[in-house]
Amino acid sequence: MSGDDLKLLLEQAEAEISTADAARIEALRVSLLGKNGAVTNLLKSLGGMEPEARKEAGARINHFKTQITDALFARRAVLDEAALTARLAAERVDVTQPPRPEPTGTLHPLSRTVEEIAAIFGAMGFVLKEGPDIESDWNNFSALNIPSHHPARAMMDTFYLQAAPNERPAVLRTHTSPVQIRTMLEWAAKQAAGEPVAPIRIIVPGRTFRADHDATHSPMFHQFEGLVIGPDITLAHLKGCLIDFLRAFFGVPSLPVRFRASYFPFTEPSMEVDIGWNKRTGEIGAGTDWLEILGSGMVHPNVLANVGIDPRKYQGFAFGVGLERITMLKHGINDLRLFYESDIRWLRHYGFAALSPASLHEGI
Ligand code: PHE
């Protein structure tokens, strides 16, 4: 092939390359530079030439090859650049747009109640304790002075776990009171070991279980327990603590609180605690009706003796509150089952912003 022919071929090729798209570029590369391409065939033809002519033709062909390679490279760069520009334009983010409201989660009302309780009792010097859901029969019943014939122990009220032969079955705790026992046992053991101990002042929120199911009862529900033990704790402390708690929790500084004689095997004397409300409107602190809120009493001397605390040296009080119940009353929730249904609309309505923790100084 003469120099002029090659020049013509180069011009044609360059013209074609300059308008080719990406697929066409690849096809041109194969037809010009590939194994059976024009350049390869030209190089093959050198074999039959005289050395002088071959040298000259070889140089021309190599120049042609370089030109083609450069042209392909340049066109590909132009195409890549254009593709990138198009993509950047397509994926452009308008940073001036207002943010879309993202669906955020809320704090479950029961969690909120636990936070509020922790804030109120925390300010009175209580610490938070927890215990396991599965309890021994002794912690849940016997140590709490609940006799073996007590109806609460019946299969129809309590979930029992399968036990090994000759062993007492474990139970799903029916109240948070077994954590009283655990705490007092630890305390008594420390004291027996000569370690210094401060008076016990705990609150215990947690899950509890009873074989019960209807609109106001769930087989799993929540309670929180309170326990105070010291050398000089009296019924006056119990009353003061609970009146302060109820007034802070319901946000009614003058909330009427009534203590009514009652019975629990693990307290003596025992008292049910009522608050004043309007039964018809549901308004807390108004009206002339009474509503039972919690159980309480002075820890029974038998219970203290059961955990190795001398009832002649120490005494104290305990109380237990249904978490769902006080949460329902405070927020006007009328069906207990909704607490556990994870209905996102319900949670959005009754839930709380996760980042505004309960604190006393703003009012609970
Ligand atoms: N454990 C009792 C209940 O579940 C409540 C309670 C706790 C009463 C502590 C008195 C003292 O009903």
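**Sheet, salt bridges and ligand surroundings in a predicted model**

Glycine 226 is buried, with a relative accessible area of 1%. Here buried means under 20% relative accessible area, exposed means over 50%, and partly exposed lies in between (1.4 Å probe, protein chains only). The model is predicted, so local features need pLDDT of at least 70 and side-chain atom pairs count only at pLDDT 80 or more, while totals for chains, interfaces and linings use all residues. Residues are numbered from 1 along each chain as its sequence is written, and side-chain values use heavy atoms, with hydrogens and water left out.

Glycine 226 sits in strand S5. Helices (H or I, at least four residues) and strands (E, at least two) are DSSP runs, numbered from the N terminus. Contact is defined as heavy atoms within 4.5 Å. Neighbours within four places in sequence aside, glycine 226 contacts Ile202, Ile203, Phe317, Ala318 and Phe319. Isoleucine 203 has glycine 226 as its bridge partner in S5. The strands involved are S4 (residues 200-209) and S5 (residues 220-230), which pair in the antiparallel sense over 10 bridges. Two strands are taken to pair if DSSP finds at least two bridges between them.

These strands belong to an open sheet of 7 strands. The order is S1-S4-S5-S9-S8-S7-S6, and the pairing is mixed. Strand S1 (127-128) and strand S6 (257-264) stand at the edges. Each has a single partner strand, so one side of each lacks a neighbour in the sheet. Helix H5 (residues 109-123) packs on the sheet. Helix H5 touches S1, S4, S5 and strand S9 (315-322), and its direction makes about 170° with that of S4. Helix H7 (residues 178-192) lies across S4, S5 and S9. The angle of H7 to S4 is about 145°. Axes are lines fitted to C-alpha atoms, for helices over the stretch in contact, and angles run from 0 to 180 degrees between N-to-C directions.

The structure holds 18 salt bridges. A salt bridge is a side-chain nitrogen of Lys or Arg within 4 Å of a carboxyl oxygen of Asp or Glu. Side chains of opposite charge can pair when their charged atoms come close. One of the salt bridges joins glutamate 56 and arginine 60 (3.9 Å, N to O). The two residues are 4 residues apart in helix H4 (residues 51-90), so about one helical turn separates them. Glutamate 56 is exposed at 53% relative accessibility, whereas arginine 60 is partly exposed at 28%.

A further salt bridge links arginine 87 to glutamate 91, with the closest N and O atoms 3.2 Å apart. Both arginine 87 and glutamate 91 are exposed.

Arginine 260 is partly exposed at 29% relative accessibility, and glutamate 292 is partly exposed at 38%. Salt bridges with shared partners join Arg258, Arg260, Asp274 and Glu292 into one network.

A polar side-chain atom of serine 177 lies 3.0 Å from a ligand nitrogen atom. A ligand oxygen atom is 3.0 Å from an N or O atom in the side chain of arginine 210. For glutamine 223, a polar side-chain atom lies 3.0 Å from an oxygen atom of the ligand.

Several backbone features were also noted. The peptide bond from glutamate 268 to proline 269 is cis, with omega near -5°. Proline 269 lies in strand S7 (residues 267-277). Asparagine 145 is not a glycine, yet has a positive phi of about 70°. Asparagine 145 lies in the loop between helix H6 (137-140) and strand S3 (171-172), and is partly exposed at 22% relative accessibility. Serine 342 likewise has a positive phi, near 55°. Serine 342 lies in the loop between helix H10 (323-331) and helix H11 (344-350), and is exposed, with a relative accessible area of 60%.

Note on methods: Polar contact = N/O pair within 3.5 Å; in protein donor to acceptor, adjacent residues only side chain to side chain.
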